[in-house]
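Please read this briefing alongside the sequence and the model.

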Amino acid sequence: MDQSAIVPVVLFHLGPLQITVTVVTTWAIIALLVLAAWLLARRLRVKQPGRVQTLAEGAVLAMEDAVRAVAPDHVKLLLPFIASLWVFLVVANLSGLIPGVHSPTRDLSATAALAILVFLSTHWFGIRNQGLKSYLRHYLVPSPLLLPFHLMSEITRTVALAVRLFGNIMSLEMTALLVLLVAGFLAPVPILMLHVIEALVQAYIFGMLALIYIAGGLQSQQLRQQQREREEERGNGRGEE
């Protein structure tokens with residue numbers, strides 16, 4: 001079996017940095033998505049939209065509904081990030097169908113970068129919504145003794161997010177490669193359909209987990225704030241009595 005099927009090939013060095021196939025493929029996908037968005041934005045029509053515009057609007061509405069179902073009070077805040085994550089992951093996972101191209105999400109370094117991005121975004125949205133002091137305080141609730149467990153939870157779920165996507169996409173490409181080696185091209189259609197379905201499912205799961213992590217942090221802080229406000233109102237009511 002070709003070693004490049006498992007280990008990303010280093011194309012060239014940029015100073016101390018190794019530029020691998022994963023890096024080039026990732027930037028090619030980003031450039032393709034930017035170009036597609038620019039071309040689509042130029043052809044938007046209010047009346048009689050084309051098929052591509054209708055398909056894009058349907059996809060955006062579906063992603064908006066998914067975000068609203070999890071975080072109804074933060075749709076406008078979270079939709080750009082979650083939708084961008086979903087679109088990139090769908091294209092990245094499906095890029096493995098192109099002959100000679102490996103999906104960047106089969107490389108642990110790429111999935112780790114995405115998981116770190118979700119980790120940083122979770123805290124950035126929390127600090128932006130509640131402020132730094134109020135956000136950091138939630139790690140000490142209900143007891144400061146639970147602080148190590150809160151920190152351990154942040155690390156483990158980030159690692160799990162990266163390893164889950166990497167493992168699934170890697171195993172998917174390896175399975176497809178082994179089946180094609182054994183059966184040749186006698187069963188390409190079922191393998192392609194399996195790849196498409198699994199790629200879409202893994203992109204959806206990664207985006208939903210990112211959405212749940214971010215929304216969970218935002219909404220838990222809101223619940224604590226509402227609870228504190230109710231306790232203050234009760235205290236003021238007793239004081240007046």
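Leaving aside its neighbours within four places in sequence, which residues is Ala66 in contact with? Ala66 is in contact with Trp86 and Leu211, where contact means heavy atoms within 4.5 Å. This is a predicted model, in which local features need pLDDT of at least 70 and side-chain atom pairs count only at pLDDT 80 or more, while totals for chains, interfaces and linings use all residues. Residues are numbered from 1 along each chain as its sequence is written, and side-chain values use heavy atoms, with hydrogens and water left out.

**Overall architecture**

- The protein chain contains 7 helices and 2 strands, these being DSSP runs numbered from the N terminus (helices are H or I with at least four residues, strands are E with at least two).
- Read from the N terminus on, the order of the elements is β-β-α-α-α-α-α-α-α.
- Of the 241 residues of the protein chain, 32% count as buried, where buried means under 20% relative accessible area, exposed means over 50%, and partly exposed lies in between (1.4 Å probe, protein chains only).
- Among the contacts in the protein chain with a separation of 6 or more, 71% are between residues 24 or more positions apart.

**The largest nonpolar core**

- The largest nonpolar core has 33 residues, of which Leu78, Ile82, Leu85, Leu89, Val118 and Phe206 touch the most other members; such a core is a set of buried Ala, Val, Leu, Ile, Met, Phe, Trp, Tyr and Cys residues joined through side-chain atoms within 4.5 Å.
- At least two residues of this core come from each of helix 2 (51-70), helix 3 (75-94), helix 4 (108-130), helix 6 (147-183) and helix 7 (188-240).
- Leu89, one of the core residues named above, is in contact with Thr105, Leu114, Leu165, Ala203 and Phe206 when its neighbours within four places in sequence are left aside.

**The largest pocket**

- The largest pocket holds about 870 Å³ of space; on a 1 Å grid over the protein atoms alone, a pocket is an open set of points with protein on both sides within 12 Å along at least five of seven lines, a cavity is a set of points where a 1.4 Å probe fits but cannot get out, and lining residues have an atom within 4 Å of a point.
- Of the 25 residues lining the largest pocket, Leu33, Ala37, Ala83, Ser84 and Val87 are the closest to its centre.
- Helix 1 (21-42), helix 2, helix 3 and helix 4 are the elements that give two or more residues to this lining, and helix 2 gives the most, with 8 residues.
- The lining comprises 22 nonpolar, 2 polar and 1 charged residues, with Ala, Val, Leu, Ile, Met, Phe, Trp, Tyr, Cys and Pro counted as nonpolar, Asp, Glu, Lys and Arg as charged, and the others, Gly among them, as polar.

**Cavities**

- Residues lining the second largest cavity include Ala115, His123, Glu154, Arg157 and Tyr213, and its lining divides into 5 nonpolar, 3 polar and 2 charged residues.
- Helix 4 supplies the largest share of the lining of the second largest cavity, 5 residues.

**Individual residues**

- Ala66 has its place in helix 2 and counts as buried because its relative accessibility is 17%; Ala66 and Ile82 are 16 residues apart in sequence and 9.9 Å apart in space, C-alpha to C-alpha.
- Val196, found in helix 7, is partly exposed at 25% relative accessibility and is in contact with Leu94 and Leu97, leaving aside its neighbours within four places in sequence.
- Pro8 lies in the segment before strand 1 (10-14), is partly exposed with a relative accessible area of 21%, and touches Thr20, Thr22 and Asp107, not counting residues up to four places away in sequence.
- Gln48 lies in the loop between helix 1 and helix 2, counts as exposed at 76% relative accessibility, and has a phi near 55°, a positive value in a residue other than glycine.

Notes:
Grid points are joined across faces, edges and corners, and a volume is the space filled by probe spheres set on the points.
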